[in-house]
Amino acid sequence: PILASAHENGCICLWSTQGNLVKELLPFSKYPSVPLTALCTDISTKMLLAGSKEGHIMCWSIASFLEDPQNSKNQIKEELCWRAHSNEVVALFHEEEKNVVVTASIDGSVRLWHAMDGYYLGYFGQPRKFELSDIHRLILPCDVNNFPTIIKEESKHVEKKKFEYPLMLDRDK
């Protein structure tokens, strides 16, 4: 078993049950790190979801890592990020059978999203029924204007290599 904790600096720590730090995750984002306020997994622990103080939801694939945490080839991959609310996310739930994520914000809104691509499906209290099969309509809530971001492997942060460029005086130039 692995325990996950969300932190003020935007980091997720994965711990062994003996209290040893196993892995530290920082969300890949074009925004600066913000405090994480909610965490959840699906029932089969294939996905880890986190909600932030700014209303973002981030999703990681953790299945291969949990099979063998000691194997460095089994990495945790962040797959998706989307803006779910304009305010802090206070609760998060993944319903695996229907493949939806339910998010709740400090403003009192509760919204439903497609888990695999972050498409907005509606809000609790809306006059129409949820259409869980209609995920091809790209609509957004009125207070959100960014579409979900699918994070590709090549867009990950790469370590900066250090190059030395010594200054040399060239008298001919």
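Select Trp82, Trp113 and Tyr120: together they make one aromatic cluster. This is a predicted model, in which local features need pLDDT of at least 70, side-chain atom pairs count only at pLDDT 80 or more, and totals for chains, interfaces and linings use all residues. Residues are numbered from 1 along each chain as its sequence is written, and side-chain values use heavy atoms, with hydrogens and water left out.

Searching the whole structure turns up 2 aromatic pairs. (Rings of Phe, Tyr and Trp, the last by its six-membered ring, pair if their centres lie within 6.5 Å; planes under 30 degrees apart are stacked, over 60 edge-to-face, the rest tilted.) Zoom in on Trp82 and Trp113: this pair is tilted, at 5.9 Å centre to centre with 50° between the planes. Trp82 sits in strand β7 (residues 77-83) and Trp113 in strand β10 (residues 110-114), so the pair ties together parts 31 residues apart in sequence. Strands here are DSSP runs (E, at least two residues), numbered from the N terminus.

Are Trp113 and Tyr120 buried or exposed? Both are buried, meaning under 20% relative accessible area (1.4 Å probe, protein chains only). Trp82 is buried as well.

Next, colour the open sheet of 4 strands, ordered β8-β9-β10-β11 with antiparallel pairing; strands pair if DSSP finds at least two bridges between them. β8 (89-95) and β11 (120-123) are the edges, each with a single partner strand, so one side of each has no neighbour in the sheet.

Last stop: β9 (residues 100-105) pairs with β10 in the antiparallel sense over 5 bridges. Pick Val100, and opposite, in β10, you'll find His114.

Key
Buried means under 20% relative accessible area, exposed over 50%, partly exposed in between (1.4 Å probe, protein chains only).
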